[in-house]
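Colleague: Please take a close look at one part for me: the place where the two chains meet. Walk me through it in one go.

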Amino acid sequence: MLTIKNLHASVDGREILRGIDLDIKPGEVHAIMGPNGSGKSTLAGVLAGRDAYDVTAGEAIFEGKDLLEMDAEERAREGLFLAFQYPVEIPGVTNNYFLRTSLNAVRKHRGEAELDAAAFLKLVRLKMKILHMPEDLLKRPVNEGFSGGEKKRNEIFQMAVLEPKLAILDETDSGLDIDALKAVADGVNALRTKDRSVLVITHYQRLLNHIVPDKVHVLYEGRIVKSGPKELALELESYGYDPIKAGLAV
Amino acid sequence: MPTTAPKTEANFAQRFDELAPQLAGWQMPWIESLRRDAYARLQKVGYPTARAEDWRFTNVNPLIEKDFSLPTQVEDATLDLASLGFADAIPGSRLVFVDGLASPRLSKVGATPKGVHVGTLSQALANDGSMDAAALVQLHLGRYADGERLAFTAQNTAFFQDGGLIDVADHAVIDEPIHLVFVNTASVATTPRNLVVVGKNAQVRIVEWHLGAAGLTNFANAVTEVIADERSVVDHVKLQRESSAAYHIANTQVVLQAKANFTTHYIGLGGSLVRNEVRVRFAGEHAEATVNGLYVGEGKQHHDNHTVIDHAAPNCASHELYKGVLGGSSQGVFNGKIFVRKDAQKTDAKQTNKVLLLSEGATINTKPQLEIFADDVKCTHGATVGQLDENQVYYLRSRGIGMEEARRILTFAFANDVVSRIKLEPIRDELERLIVR
Ligand SMILES: Nc1ncnc2c1ncn2[C@@H]1O[C@H](COP(=O)(O)OP(=O)(O)OP(=O)(O)O)[C@@H](O)[C@H]1O
Ligand SMILES: [Mg+2]
């Protein structure tokens, strides 16, 4: 699904990713944990094609294609989805219009027919139910006036509509109450198939109770310094990053 | 061609003595003196130069130097309004003026409620016109818009050929909008003049259309006077879609009596050189005005917007939202004046001005101007000038939407903030279609 080799990236000349290697197979769930500022969102942003980052070395191959060569929109059309840590508000653009335009762009790329307003509504209503989205969501402007938790759920709702091959969730769990967390987990799990993969960026174990990872990685100062099975997440939750930092210092 | 003036003739505005006797109502002494006074005023103040504070950014020389002539007869035999951008299916009565002259063929005035008069100014001022209509015009015309220093308004008063006369009697309510449609088909000068008189507790909706065939270099000098009596409700929209080579200068003057409620939306899409002024004077207490505008410039268009909100009475509220979208090497000007006079206590005035610059070459000069002489008032103003938000563009792209489309969606959202406030749904729909493009 996604193979990252020796990925280096910097912002304004400052190196933030300092050689990342990661291999995610179809159907797998990977979790990335790590202290604040370690580069988790930067990795997500580099993969999703944000302009602010300069990739200085390495490669990322997504479904056999060179991901780093593609524009952000091409990556999305190819089936990569990033649920943002800080979703953007877009006043004046309704969720309805935004999502339909988005879905049709993706469908067109896949060679599928574009959906008219009625067909779109039918499809979307179903997904809204799964995620317990409020009835008036579609009429409201994208994320405008949404609470932190509502924004996060809206990201997962978008993901559910677009049905990506690889979903990257950047701290989607933070700011969610228990019910919302459950809804988000259900949304992700509803999407899971043997061909779809998920990369979960989180600080906490609790989302991983619902979306069980095949592998857990620790990102620290721009490198993956430790990888392990799902138990690694529990370990980190109990002991924090200090033992790992100490181990590196030796 | 509707114009008969030979090319070598001077600009119409220099031929008052020759042209005036042929203009509407000249046989009436009061019209003759109205026109003569206006012409004398024009001579006295002269056309604005760049040294005039209010005209610093707008050069009107082409309008003075070019040999524009006034049309002498209406040429509407083969004209198709829809092809010029009029939404033909739209409900409501319409008065159509082709190159400034009334077109009975294209006009359509349905049965209006009792007490509502929809006609042309030229009719009212004709020898066989009704005494009532002429008396109404005499009572109001030129009493509000003709400020001492307004050269172009003086030019219009001296030379106006025709326009709408709408009279809504006390308590009369007309639901369907009344359309004043000015279509241009020749590169001539036009002098549309509208008079809207709304009685106590009456309600009316008016849509002004200023349309032009592509490529025309016509010059429109339009003046509209609106008098809204106590407790009346007036909703006004002006849709300006002249050709992108046209000159459009306009002054909309509104006077509000106590408890009147007035809303206007100016949508400026066309024109090469546009100066649109909206002036609202609060003459009675507890009146309310909403003054909104949107101008969209591309290529080399020049959009100059001046608004003057004159709080001359206490306890009135004004809300103003102007937005500009400027691409290419277009230029925008926004000057929003708010006066709060000494006695106008408890005034609530709000002005917001936002500009979206879509290209490096586009420029904007914007200036709020608040002059407050009362002490117990609430006045706020805010101005922003910016580009599209990169984070928003990226967010849309991250969902598969292409760069161009993302920019288009965000530009539309910015502009639609004004359009969506227009109450008349068919006009809103029409504009959404136009702005999406
Ligand atoms: N656009 C940017 N401009 C400048 N610095 C940036 C930018 N993006 C990230 N950085 C810096 O890069 C480093 C890594 O940031 P990043 O957001 O990737 O961390 P993170 O691991 O996601 O942290 P958190 O757990 O707090 O979300 C930080 O020092 C941050 O300040
Ligand atoms: Mg982060």
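Modeller: A salt bridge here is a side-chain nitrogen of Lys or Arg within 4 Å of a carboxyl oxygen of Asp or Glu. By that rule, 3 salt bridges cross the interface of chain B and chain A. Keep in mind that this is a predicted model. One salt bridge joins the side chains of E73(A) and R397(B), with N to O at 2.6 Å. On the side of chain B that touches chain A, α7 (390–397) and α8 each supply at least two residues.

Now the extent of the contact. Chain B brings 17 residues and chain A brings 32 residues. About 1900 Å² is buried between chain B and chain A, and carbon and sulfur atoms give 59% of that area. Y394(B), Y395(B) and R399(B) supply 41% of what chain B buries against chain A, more than any other three residues.

Look next at α8 of chain B itself. This helix covers residues 403–419, 17 residues in total. From first C-alpha to last, α8 reaches 24 Å, close to the 24 Å expected at 1.5 Å a residue.

Notes
Residues are numbered from 1 along each chain as its sequence is written. Chains are lettered from A and ligands numbered from 1 in the order in which they are written. This is a predicted model: local features need pLDDT of at least 70, side-chain atom pairs count only at pLDDT 80 or more; totals for chains, interfaces and linings use all residues. Side-chain values use heavy atoms; hydrogens and water are left out. Helices (H or I, at least four residues) and strands (E, at least two) are DSSP runs, numbered from the N terminus. The expected span of a helix is 1.5 Å times one less than its number of residues. Contact means heavy atoms within 4.5 Å. Buried area is the accessible area (1.4 Å probe) that two parts lose on being put together, summed over both.
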